Amino acid sequence: MSISSETERCGAQAPAPGRKGSGGSARPASRRAGKTSAGNEPFAVRHYSPEVLREALRKMLLIRRFEEGAEDSYMRGLIHGTMHLSIGQEASAVGACLELTDQDKITSTHRGHGHCIAKGADVGRMFAEFFGKESGYCRGRGGSMHIADVDKGNLGANGIVGGGIPIAVGAALSAKRLKTGTVVTSFFGDGAVNEGSFHESLNMAAIWKLPVIFICENNHYGMSTSVERSTAVRQVSDRAAAYSMPGVTVDGNDLSAVAEACHGAIERARAGEGPSLIESVTYRWRGHSKSDRNRYRSKDEIDAWIARDPIRRFAGLLSEHGILSEEGFARMETEVAEQIAAAIAFAKESPDPDTAALTRDVYTTQTESVG
Amino acid sequence: MTAPAAVLDSPLRELSYAEAIRDALAIALAEDERVVLMGEDIGVYGGAFQVSGDLVHRFGEERVIDTPISELGGAGMAVGAALTGLRPIYEFQFSDFATLAMEQIVNQAAKLRFMLGGAVSVPLVMRFPAGSGTGAAAQHSQSLEAWFGHVPGLKVVQAATPYDAKGLLLAALDDPDPVMLFEHKLLYKTKGPVPEGRYTVPIGKAEVCRTGSNVTIVATAIMVHRALEAAEVLAQEGIDAEVIDLRTVRPMDRETVVASVAKTSRLVVAYEGVRTLGIGAEVSASIVESEAFDYLDAPIVRLGGAEAPIPYNPELEKAAVPQVADILSAVRGVVRGTR
């Protein structure tokens, strides 16, 4: 990947296909997300230090290479089961986590590798988990779909669509009652917005003004069923109006736009003003899971989205603003590649769990051997 | 019992089962700021069965939280709160409504600790008003405790007396894992001695309520009272029944049951949930898989709910779950071999 070949500009280009404008009740700051005029610096450049921006790019790259490594490992038979890759969605995960501290919580989804890395997870322990090893984040008990890093505030991916949303509301209730000053970001996909848990959760967070940022990563398909075929509203952010909270739709492949929308929502949450709904429009380049034969979308559509690569776009932005040189990017690529290779090696060398410890952690205090 | 001496010495008041639970909730709220109650109409209304009563006035709306009618969201919120430092006690208005929240209970609360390799605990207490006998028909009268007992990661408790209702609730709050408390609705107004102050009744421990030598009756919740009533009648007939209150469905206290049957050689299990694939089968299995099998002098009898939804008509409703007469008949059968 080279940043000099970057032609597509962050900022003034058209929003994602099929999506226009922003949500009805958006706050003014968020309304401009992704629509900065050519004369203005993008939010990210204005708002964050070069170090933060370079780190954001490095994390996006780390997510990409991690998932490519996971895919390769799967092909080699090192990974059991299935996995859901978020390649193409990196700006959404990193942009949303940019301002979160380790004390702030997230709840994630079955497509949660990016969120986990964006929140600060160690890729060695992630690979170890995928390989089912004792050194993995879940001691090999959870795998890709339950990857979590509680010390960094990631309460976990979730195998159930919409499963993490009410949990995020509960974590926000804790934050409010215990006065921790922390916020909770709940990631979910477009498929989750037709689950009851989504509606119940947004309503409760709104009536109690809980510090939650609801982020719908709209990648256009719930497995094979498109948003157009499954969802009555024109855009997911329209649903915010039903729960009297700000709703905004942003270009989820534009890190600056995601970060800007989240910045406003996080400030609002920390100020005790309640939740926000952000629809981050993006696209998964890969299939839903390893069994997907891509019968529901065209190669042209996929190619059009690959051309909107969020990493190339953000790298281009940093280059344009003199924040990252060609050599700096090349060095970053090398470092990330080395980090991934070391992580895979660590995971391969790690021991498997002891089958005698099968019932470990079913209960906190192991008082029973059987039901 | 793990009641401190000071508690045991305190005057024994007669409290109803509902009052005993409220007493436990008040103690929990007073001694731990992290405790919050959540549920539908538990605030000024006082709860559908008046269990929370006046607690909202004593502890405020921030800690006695009226939720919208959103069982899935409410249960999930309780899970999330438990994961992050609160000690939520979530009340389902009727246990039947847990059907709307099974995702959060079964997939999340029960499994999070395991799925995350022990990185978290879910110290969650859920209360379920359960059982028939109120004329509320099929969607407000079920006994679904065995469903929950089938899920590793959950603990499932059924108190039969006000004393146990209070002590088991406080034990559930001390427990780091999700504990499901099934409360039979017909028991809410029953009275019994309840000490003041904090004490706990251990989860996972059955109680021998009446010792006997001819037959063991293992019962849960309201069936404990029916079994004790039957035992008095049987005593007149020269049948000495031992009555065991299982108290916890999961983890089940098999040792107490096995020891009893090894002594009496006969077993009747009485429970209100549907007879098939239920608590009776599990208790029976504890016997046939143990040394007590060799002592059995008669086939085991399971007395459970009918293979039908709970009906509305009062006579049909009674017929749908074991009554004292059913226990009498079953015990006479296993003791005299007339069944």
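This is a predicted model: local features need pLDDT of at least 70, side-chain atom pairs count only at pLDDT 80 or more; totals for chains, interfaces and linings use all residues.
**Aromatic rings in chain B**

- Phe128(B) also stacks with Phe92(B): those ring centres are 4.9 Å apart, with the planes at 15°.
- This second pair links distant parts of the chain, 36 residues apart, with Phe92(B) in the loop between strand E4 (87-91) and helix H5 (102-109) and Phe128(B) in strand E5 (residues 125-130).
- Is Phe128(B) buried or exposed? Phe128(B) has 0% relative accessibility and therefore counts as buried, the cut-off being under 20%.
- Phe92(B) is likewise buried, with a relative accessible area of 0%.
- A cluster linked by ring pairs takes in Tyr17(B), Phe49(B), Phe94(B), Phe97(B) and Tyr188(B).
- Across all chains, a search of the whole structure gives 18 aromatic pairs.

**Charges over rings in chain A**

- Arg64(A) lies over the face of Trp285(A), 4.4 Å from the ring centre.
- Arg308(A) places its charged end over the ring of Trp305(A), at 4.9 Å from the centre.

**Chain B as a whole**

- Chain B holds 13 helices and 14 strands.
- What radius of gyration does chain B have? The value is 20 Å, which agrees with the figure near 20 Å for a compact globule with 339 residues.
- Along the principal axes, the C-alpha atoms of chain B fill a box of roughly 60 × 45 × 45 Å.
- Of the 339 residues in chain B, 63% are buried.
- Among contacts in chain B with a separation of 6 or more, 82% come from residues 24 or more positions apart.

**Chain A as a whole**

- Chain A has 13 helices and seven strands.
- Buried residues account for 58% of its 371 residues.
- For contacts in chain A with a separation of 6 or more, 76% are between residues 24 or more positions apart.
- The accessible surface of chain A is about 14100 Å², and 51% of it belongs to carbon and sulfur atoms.

**Backbone details to look at**

- Where is Pro251(B) found? Pro251(B) is in the loop between strand E12 (248-250) and helix H10 (254-264) of chain B.
- The peptide bond leading from Arg250(B) to Pro251(B) is cis, with omega near -5°.
- Asn294(A) is not a glycine, yet it has a positive phi of about 55°.
- You will find Asn294(A) in the loop between strand E7 (276-281) and helix H11 (299-306) of chain A, and at 27% relative accessibility Asn294(A) counts as partly exposed.
- Asp41(B) is not a glycine either, and its phi is positive at about 60°.
- Asp41(B) belongs to the loop between strand E2 (35-39) and helix H3 (55-59) of chain B, where Asp41(B) is partly exposed, with a relative accessible area of 34%.

Technical notes. Residues are numbered from 1 along each chain as its sequence is written. Chains are lettered from A and ligands numbered from 1 in the order in which they are written. Side-chain values use heavy atoms; hydrogens and water are left out. Rings of Phe, Tyr and Trp (its six-membered ring) pair if their centres lie within 6.5 Å; planes under 30 degrees apart count as stacked, over 60 as edge-to-face and the rest as tilted. Helices (H or I, at least four residues) and strands (E, at least two) are DSSP runs, numbered from the N terminus. Buried means under 20% relative accessible area, exposed over 50%, partly exposed in between (1.4 Å probe, protein chains only). A charge sits over a ring if NZ of Lys or CZ of Arg is within 6 Å of the ring centre and within 35 degrees of the ring normal. The radius of gyration is taken over C-alpha atoms; the globule rule is 2.2 Å times the number of residues to the power 0.38. Contact means heavy atoms within 4.5 Å. Accessible areas come from the Shrake-Rupley method with a 1.4 Å probe; for residues, only the protein chains shown count as cover.
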